[in-house]
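Subject: The structure for you to explore

Hi there,

Here is the structure I promised to pass on. Have a look around in it, and then read on for what turned up.

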Amino acid sequence: MTALLDDTESTAELMRRLGAAARSAAAALALAPRPQKDAALLAAAAAIRDDRDLILAANAEDMEEARRNGVAGSFLDRLALDEKRIEAIAQGLEAVAELPDPIGDVLADWIRPNGLRIQRVRVPLGVVGVIFESRPNVTADAAALCLKAGNACILRCGSESFRSSTAIAAAVGHGLKKAGLPRSAVQLVPTRDRAAVGELLGLTEFVDVVIPRGGKSLTARVAADSRIPVLWHLDGINHTYVHEAADPEMARRVVYNAKMRRTGVCGATETLLIDRSVAGTMLRPILDDLIEAGCEIRGDTAVQAIDPRVLAASDDDWDTEYLDAILSVKTVDGLDAAIEHVNLHGSHHTDSIVTADAAATEAFLARVDSAIVLVNASTQFADGGEFGMGAEIGIATGRLHARGPVGTEQLTSTKYLVRGTGQTRP
């Protein structure tokens, strides 16, 4: 739910109040049984549907303000809600309710020669701070996953989605109340004041981990200011590589979907690599589809020679997450060159190869250093829901704690339970 804003308190005081409430709620959630957590999620899903008109009205105000501020079309797509997307939010809550409860899972169980029985079990992280930008559905996804994993959360949405996220958080709060769980288990920061981000990043007494989900300016600020461990969700500079052994029609379908299904999501392909040996025959139909759909193509000289509609790519294009209908295209001299380019210019998020060659498949899977590596499939499958995880808070691109889609299991830690019969250590 959205915490109430007290006009008499400073932003620092507000954030400490939210932190203290979240810490108290986390203690209750850690002990909550699965049926109670699932009941909250199902009630929240019902409230999302019941509040559909309120959420759409709030989103309409956000959209109108964003248009007045001249934001890009791709940003508007991420911000926009309609009845289909609201239903998807509700279904996402229900999908998380159906997932196994990770808390208490015994990951290992052994007995030492001295008779000590040791178990490693899953436990909640505690309090999770989630800082995100334009996508209001993240409000429900983050709340659901944190709740299922026994964590309280403090959500800081972007100012552009403030009204939409507030309406969604209110519905989630209804679900918590109906299930008898603390409403402070899910709190949306009730202010657009940018200082709230800095205060959240300093709540070491209350917050256990921070998850930023946004552009470079957000992640740079978190990197500079956070005094709390961070689970990184960085840029999606993703590649689709069309190998010389690719099926032409499969390559055409996969590339089009990877770029154009939704251009503003982090799983969208931003660079197409294609083997020089087949570019002359395979590339033109791929480009025809993309250009007819309104995609701007920026390519190297070989790509420009194949299609005069292609603009010249700059060095910066190979390192750019467009989040728009723009694609950079490069010819490469085989598998090794493609892998080298991906590892050098990619963001270690999601990369795909299209090929019928088994050896090339295994080499790409083994050598591409990304959180998600696909074969003969669109990069837009980089999504926790598509992985059967119900939803996700983001795609973690770091190496510590979690990598790839962040779902319920990734929002847990472990502890060791040791049972003895009076043993002492010599």
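Threonine 361 sits in helix α14, and the model it belongs to is a predicted one. Is threonine 361 buried or exposed? Its relative accessible area is 12%, and since buried means under 20%, threonine 361 counts as buried. Apart from neighbours within four places in sequence, threonine 361 is in contact with Thr355 and Val375.

The sheet beside that helix

Next comes the sheet itself. It is an open one of 7 strands, in the order β10-β9-β11-β8-β7-β12-β13, and the pairing is parallel. Which strands stand at the edges? They are β10 (311-312) and β13 (372-375); each has a single partner strand, so one side of each has no neighbour in the sheet.

Strand β9 (residues 296-299) is joined to β10 by 2 bridges in the parallel sense, and arginine 298 has leucine 311 of β10 as its bridge partner. Helix α14, which covers residues 358-367, packs on this sheet and touches β7, β12 (350-354) and β13. The direction of α14 makes about 170 degrees with that of β13.

On its other pairing, β9 is linked to β11 in parallel over 4 bridges, with glycine 299 standing opposite valine 329 in β11. Strand β11 also pairs with β8, again in the parallel sense, over 5 bridges. There, isoleucine 274 has threonine 331 of β11 as its bridge partner. How many of the 7 residues of β11 are buried? The count is 6 of the 7, so β11 is largely enclosed by the rest of the structure.

Another helix to look for is α11 (residues 276-292). It lies across β7 (238-242), β8 (269-275), β9 and β11 (326-332). Helix α11 runs at about 150 degrees to β8.

A strand that is covered on both faces

Now please turn to strand β4 (residues 152-156). Here 5 of the 5 residues are buried, so β4 is largely enclosed by the rest of the structure. Which residues lie on each side? Ala152, Ile154 and Arg156 are on one side, Cys153 and Leu155 are on the other, and all of them are buried. Strand β3 (residues 127-132) pairs with β4 in the parallel sense over 5 bridges, and valine 128 stands opposite cysteine 153.

The sheet of 3 strands

There is also an open sheet of 3 strands in the order β1-β2-β16, and its pairing is antiparallel. Its edge strands are β1 and β16, each of which pairs on one side only. From one strand to the next, the twist averages 20 degrees.

Strand β1 (residues 106-111) holds aspartate 109. This strand and β2 (residues 117-124) run antiparallel and are joined by 5 bridges. In β2, glutamine 119 is the bridge partner of aspartate 109. Setting aside neighbours within four places in sequence, aspartate 109 is in contact with Arg117, Ile118 and Gln119. Its relative accessibility is 39%, so aspartate 109 counts as partly exposed.

How far apart are aspartate 109 and tyrosine 416 in space? Their separation in sequence is 307 residues, yet from C-alpha to C-alpha they are 9.6 Å apart. Valine 418 belongs to strand β16 (residues 412-419) and, at 49% relative accessibility, counts as partly exposed.

Finally, look for leucine 344 in helix α13 (residues 335-345). With a relative accessibility of 61%, leucine 344 counts as exposed.

Happy exploring, and write back with any questions!

Best wishes

Terms used: Residues are numbered from 1 along each chain as its sequence is written. This is a predicted model: local features need pLDDT of at least 70, side-chain atom pairs count only at pLDDT 80 or more; totals for chains, interfaces and linings use all residues. Side-chain values use heavy atoms; hydrogens and water are left out. Two strands pair if DSSP finds at least two bridges between them. Contact means heavy atoms within 4.5 Å. Axes are lines fitted to C-alpha atoms, for helices over the stretch in contact, and angles run from 0 to 180 degrees between N-to-C directions. Buried means under 20% relative accessible area, exposed over 50%, partly exposed in between (1.4 Å probe, protein chains only).
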